[in-house]
Amino acid sequence: MKFGVKLFLSLSAVTLFTAGCTSSGSQKSRYSLNELQAQKWSLTQINGEKVSLPKGDSIPYIVIDKKMMAVGSAGCNHFFAQANIEKSKFRLDHLNKTHKVCEKDVTALENTFTDAIQKWNYININDNSLVLSVGKKSLTFTATN
């Protein structure tokens, strides 16, 4: 009887240990990195409203390379950051940007854009469209290579 209990406990411990090792950090994203990388994702909408900027400012965009480094424009200022994707969520970490003086409307757009992409957003990629959303807020991008 003692041998059976010891065997059961040993096998249970090994099973739990193995399950814990295989599940931690090995979950894959619903989206392949290839779908995100090597595309220029231009912002087209914020919360369903079309993005427009004064002449001379660029539409915000993101480009993600093979090492998950992101570069882009927030409108007036350029940025670089580390892109992260977990399961079906996306965000940019360690965002650094230039500090040019911008028009008031462009500054407001930049703040909305950079605040949103630094939070965990649900990601949805469909054809040439990328949507990042959290709660009622959403950013819609179009691939513009």
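Here is a short walk through the inside of this protein model and its aromatic rings. The model is predicted, so local features need pLDDT of at least 70, side-chain atom pairs count only at pLDDT 80 or more, and totals for chains, interfaces and linings use all residues. Residues are numbered from 1 along each chain as its sequence is written, and side-chain values use heavy atoms, leaving out hydrogens and water.

Let's start with the largest nonpolar core, which has 27 residues. Such a core is a set of buried Ala, Val, Leu, Ile, Met, Phe, Trp, Tyr and Cys residues joined through side-chain atoms within 4.5 Å; buried means under 20% relative accessible area, with a 1.4 Å probe and protein chains only. Leu 36, Leu 92, Phe 113, Ile 117 and Phe 141 touch the most other members. Among the elements that each supply at least two residues are strand 1 (40–46) and helix 3 (104–117), while strand 5 gives the most, with four residues. Helices (H or I, at least four residues) and strands (E, at least two) are DSSP runs, numbered from the N terminus.

Now look at the rings. The structure holds two aromatic pairs, where ring centres of Phe, Tyr or Trp (its six-membered ring) lie within 6.5 Å; planes under 30 degrees apart count as stacked, over 60 as edge-to-face and the rest as tilted. Phe 79 and Phe 113 make a tilted pair, 6.1 Å centre to centre with 55° between the planes. This pair links strand 5 to helix 3, with its partners 34 residues apart. Both Phe 79 and Phe 113 are buried, and together with Phe 141 they form one aromatic cluster.

Terms used: Buried means under 20% relative accessible area, exposed over 50%, partly exposed in between (1.4 Å probe, protein chains only).
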